[in-house]
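User: I would like to learn how to read a structure, feature by feature. Please take me through this one.

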Amino acid sequence: MNDGLRFTETNSADDSKGRTWGLEGNLFWFIAGGAFAFVVLLLFLFSALKMSFAISLMIAVLPLLLSLVYVFRFRQGKPPAYDTDYLDLWLKGSGFGPDPLKQPKHPLCLTRRPTDIS
């Protein structure tokens with residue numbers, strides 16, 4: 001049965017993590033977690049703390065909205081580490097690369113040169 005051919009496992013397939021409800025990979029769990037937090041918080045505020053339903057609804061919808069914003073703004077359709085890179089950029093700045101918005105003008109491009117006496 002050994003005719004000189006070697007069979008090896010290759011990873012020639014697409015490295016997709018799949019889709020659930022149109023969301024890439026495991027992003028569905030962020031939405032499900034936000035919905036679960038919404039329901040638990042709504043029940044806690046309305047039943048246990050006896051707050052009005054409108055106020056309870058306005059407070060409880062925050063986890064769901066935050067999870068939706070996170071998924072659709074920072075994860076869906078973006079590169080794998082876009083969210084962490086964006087957070088790093090927001091906290092620390094642009095890093096070692098030059099920031100073109102903060103660069104001074106070249107001295108030869110100035111309208112009034114330091115050697116002008118007029």
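**Reading burial and contacts**

Analyst: Start with one residue. Phe38 counts as buried, because its relative accessibility is 18% and the cut-off for buried is under 20%. Keep in mind that this is a predicted model.

User: Where is Phe38 placed, and which residues does Phe38 touch?

Analyst: Phe38 sits in helix α1. Set aside residues up to four places away in sequence, and Phe38 touches Leu57, Ala60, Val61 and Leu64. Now take a pair. Phe38 and Leu65 are 27 residues apart in sequence, yet their C-alpha atoms are 9.3 Å apart in space.

User: How much of the prediction can I trust? What is the mean pLDDT of the protein chain?

Analyst: First the general idea. Where pLDDT is low, the predicted coordinates should not be read in detail. Here the chain has a mean pLDDT of 82. Of its residues, 83% reach 70 or more. Confidence is highest in α2, at 95. Confidence is lowest in strand β1, residues 19-20, at a mean of 74.

User: How many helices and strands are there, and in what pattern?

Analyst: The protein chain has 3 helices and 2 strands. Along the sequence they run β-β-α-α-α. Next, the contacts. Among those with a separation of 6 or more, 44% join residues 24 or more positions apart.

User: What share of the residues is buried?

Analyst: Of the 118 residues in the protein chain, 13% are buried. The chain exposes about 10400 Å². Carbon and sulfur atoms supply 66% of that area.

User: Which residues form the largest nonpolar core?

Analyst: To read a core, look for buried nonpolar residues joined through their side chains. The largest one here has 5 residues: Leu23, Leu27, Phe28, Ile31 and Val71. Helix α1, residues 27-48, gives the most to this core, with 3 residues. Beyond four places in sequence, Ile31 touches Leu23, Leu64, Ser67, Leu68, Val71 and Phe72.

User: What about the surface? Which residues make the nonpolar patch?

Analyst: Phe46, Phe53 and Leu57 make a nonpolar surface patch of about 270 Å². Leu57 lies in helix α2, residues 53-75.

User: How do I read a charged pair? Which residue forms a salt bridge with Arg75?

Analyst: Side chains of opposite charge can pair when their charged atoms come close. In this model, Arg75 pairs with Asp83. Their closest N and O atoms are 3.7 Å apart. The pair qualifies because the cut-off is within 4 Å. The count in the model comes to 1 salt bridge.

User: Are the two partners buried or exposed?

Analyst: Take each in turn. Arg75 is partly exposed, at 25% relative accessibility. Asp83 counts as buried, at 14%. Asp83 lies in helix α3, residues 82-92. Apart from neighbours within four places in sequence, Asp83 contacts Tyr70, Phe74 and Arg75.

User: Last, backbone angles. What is the phi of Lys50?

Analyst: Lys50 has a phi near 55 degrees, a positive value in a residue other than glycine. Then ask where the residue is. Lys50 is found in the loop between α1 and α2. Lys50 counts as exposed because its relative accessibility is 68% and the cut-off for exposed is over 50%.

Methods. Residues numbered from 1 in each chain as written. Predicted model: local features only at pLDDT ≥ 70, side-chain atom pairs only at ≥ 80, totals over all residues. Heavy atoms only, no water. Patch = residues over 30% accessible without salt bridge, like charges linked within 9 Å, V, L, I, M, F, W, Y side chains within 5 Å. Areas by Shrake-Rupley, 256 points an atom, 1.4 Å probe, with all protein chains shown as cover. Salt bridge = Lys/Arg side-chain N within 4 Å of Asp/Glu carboxyl O. Helix = DSSP H or I, 4+ residues; strand = E, 2+ residues; numbered from the N terminus. Core = buried A, V, L, I, M, F, W, Y, C linked by side-chain atoms within 4.5 Å. Buried < 20%, exposed > 50% of the residue type's maximum accessible area, 1.4 Å probe, protein only. Contact = heavy atoms within 4.5 Å. pLDDT = per-residue confidence, 0-100.
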